[in-house]
Amino acid sequence: MTIASVIVDVPAKQTDRPFDYVIPAHLVEVIKPGMRVIVPFGPRKIQGFVIAVKPESDFGKLKELIEPMDITPILNQELLALGEWLTYETLCYKISAFQVMLPAALKAKYEKKLKLTADVTNLPAEIRTVFGADDMIPWEEAVKLGCLNLMQREVANGKVEIIYEVKERVRKKKLKHIISRLTKQQLAAEKENLPVQAVKQKEVIDFFLDAEAPVELRKLLSELGISASTIKGLVQKGFLEEKEMEVYRDPFEERVFSHTEALPLTEDQEKAIMPILASIREHNHETFLLYGVTGSGKTEIYLQSIQKVLQEGKEAIVLVPEISLTPQMVKRFKGRFGNEVAVLHSGLSAGEKYDEWRKIQKKEVKVVVGARSAIFAPFENLGIIIIDEEHETSYKQEDNPKYHARNVAIKRGTTHQCPVVLGSATPSLESFARAQKGVYTLLSMPNRMNNQALPGVEIIDMREELREGNRSMFSRLLLEKIEDRLEKKEQIVLFLNKRGHSSFVMCRDCGYVVNCPNCDISLTYHRASQRMKCHYCGYEAHVPKSCPECNSEHIRYFGTGTQKVEEELVKILPHAKVIRMDVDTTSRKGSHEKLLDQFQEGHADILLGTQMIAKGLDFPNITLVGVLSADTMLHLPDFRSSEKTFQLLTQVSGRAGRHEKEGQVVIQTYTPEHYSVELAGEQDFDRFYEKEMMVRKIHRYPPFYYLSLITVSHEELMKTVSITEKITSFIRSRLSNEAICLGPVASPIPRINNRYRYQCLIKYKREPELNTALKKILDQYQQEISLGGLQISVDVNPFILM
DNA sequence: AGCACGCCGACT
DNA sequence: GTCGGCGTGCTC
């Protein structure tokens, strides 16, 4: 007998193990490890992944596997093993690990239906009417009509049966194509036989005398300017044939990427690329930290390294933060490698993502450029993995499996014996420390290409401005410079970091802040709907007209949004043309690109925006960058807040003066003395690194210590506290003296959606037993978790400590 | 996660 | 008596 070991699509502790199924005789040759299959599970049918095929099973009463969902395995041996590794590293379920490696389109969709059986004797009239003319209805319809009990009885009587179906989420896109059924000679002969008046038909035959491959019907029609009936005629005569053929949804259809050639490298670049090329050539794994200031030409290094990899007949993965995966970026890769490139990012529809992914799987492309999840691209012959802006926190997935793309990259780099290149102008402290220790190889590019000077930065103390009577959000210097650039017809970028300082509403008399009744967090004011919203549970409320505490009518809106800045700008500088870029103005597909194009073409003077304009903008006419308030994220309860502030300010400053014209940066802040602001002003990463390393050392944070965070949540406060207490003391008993276990303490957000949250933070250097201990905790509380009362989340190397 | 099974209180 | 509420335990 041939048995398949299957991981079923049920994300729960109890089902997080293989289930064995007999492979029916006619499928024995077909079923391979890595395939998705449909299996019976209890009364249902569900999707599963075959992880092994073996001759026997320990289990007595096996069921038969129903059918495969793939023709060839969708996960190769490497990815199957990578899934196991992910499960171990992030303490997630096996099924979640497999699913995260695949495009969402491949996740199964389940349907439940009611079907009349052949036995229609004595069928109650009500049942008849519910079914109507059909013999099958969706389960939901019976629920809606409230006749479930009725149905259940008939199921027992054998008149109705419950059907479980597993469906694909996305169909392969198919379009009508026309192909010739005759040889060219035959076609030519038939053309002669056609009546004289069949002008159009003859034209079509001419076309097919030239054409090699099948042609899309739609394209054929528009190209020849004919109607469908012409084709129909020829099809009826048997000359041509209509065929449904699979096509890719192409998000870049009708776009031409002009080809670019490798650029000559600067001395810095030459020095940096050598070790990478050597690693490619010698097929050995090495992790490089490419530390190059903004404008030092990191992308060209990526491009030329990839070129080398392609010459070796291998493939490349390039990870880019979602936010900078702009058309500009895509253009650079498509320009160099043309059709060899697949692009994976969140702007694509599920179908488009699936199609791009399939190009990788079918080996039709050799390079993938994408966000975090592209690290799982199913290449089998990887030659290089590049992570651009490696310090970006978006490389860490915040929901299960809580993996970091950098770690996955290094894992895959080891398996494939290929280099991993981490690039940044402001490396994460973790990576830089590793480079200093020699774990990674440091490659520095301290100079900008063409040796342009880094932009001059001025830091403005906004408290000073306030003291001198300037209550606006623009300092006098910034305003002066803006006016100057407007006059010179040069462009300005204004940056506002709204994140971390959302607009809240406060009473000016008593300080009352409107909070969410379900979560211990202030409500955010939404201008568009004129309502207050909770970002965590979705609760909504009206804006109070007077203070609920003291009845004062002095309600004030805090936190400056881009909209408010825009209004202000219009007031102060009525002639300036402003383009605003934030989530609201870029939500529509393609609007991001459109706005940038407008700005590039000079249709506006000022580009005002959030996070999303901090990266990748490279326009020659930008000579002034203003940061409206540098310290909005500095005071978050996050040990990385200084690092993030420094990175963001450096990043934004890099937008100015990238070409001939000299750039200037004005940073407004309420804490100019803070080292992350000050050193960002001097663009001095090395000193920032030193300073921040000291702080991390004193407080025992990464990179000196690893972190793991356990968050417990429950509806009852007492229960939450007592369970966290037990967990904490258990963990403590399993740790060495070197490790520190902080807790139990309330989470920074102590209540979300009426669930109390407590946590335990573990700081450690080397704890080989920790993983086992954490697993044990999840096992221990398994029942209480599955009953729904308790939630325990474990985050190994967390990025958000909330 | 679903789903069946089973045991108890509230009704026709 | 039976309908339907939810706790319990299993799924190859």
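1. Does Lys489 count as buried or exposed in this predicted model? With a relative accessibility of 65%, Lys489 counts as exposed, because the cut-off for that class is over 50%. Lys489 sits in the loop between α17 (476–488) and β21 (491–495), and its phi is positive, near 60 degrees, although the residue is not a glycine.

2. A positive phi is also found at Asn754, where the angle is about 65 degrees in a residue that is again not a glycine. The loop that holds Asn754 runs between β32 (740–752) and β33 (755–764), and Asn754 is partly exposed there, its relative accessible area being 35%. As background for both points, most residues other than glycine have a negative phi, and most peptide bonds are trans.

3. The bond from Asn400 to Pro401 is cis, with omega near -10 degrees, and Pro401 belongs to the loop between β17 (382–387) and α14 (405–416). Pro702 and Pro703 are likewise joined by a cis peptide bond, with omega about 5 degrees, and Pro703 is placed in the loop between α23 (685–699) and β31 (706–714).

4. Around DNA strand B lie Val10, Pro11, Ala12, Gln14, Pro43, Arg44, Lys112 and Tyr164; of the atoms of DNA strand B that come within 4 Å of the protein, 65% are accounted for by sugar and phosphate. Sorted by class, the surface near DNA strand B comprises five nonpolar, one polar and two charged residues. For Lys112, a polar side-chain atom is placed 3.4 Å from a phosphate oxygen of DNA strand B.

How values were computed. Residues are numbered from 1 along each chain as its sequence is written. Chains are lettered from A and ligands numbered from 1 in the order in which they are written. This is a predicted model: local features need pLDDT of at least 70, side-chain atom pairs count only at pLDDT 80 or more; totals for chains, interfaces and linings use all residues. Side-chain values use heavy atoms; hydrogens and water are left out. A residue is near a molecule or strand if one of its heavy atoms lies within 4 Å of it. A polar contact is a pair of N or O atoms within 3.5 Å; within protein, one must be able to donate a hydrogen and the other to accept it, and residues adjacent in sequence count only if both atoms are side-chain atoms. Ala, Val, Leu, Ile, Met, Phe, Trp, Tyr, Cys and Pro count as nonpolar, Asp, Glu, Lys and Arg as charged, and the others, Gly among them, as polar. Helices (H or I, at least four residues) and strands (E, at least two) are DSSP runs, numbered from the N terminus. Buried means under 20% relative accessible area, exposed over 50%, partly exposed in between (1.4 Å probe, protein chains only).
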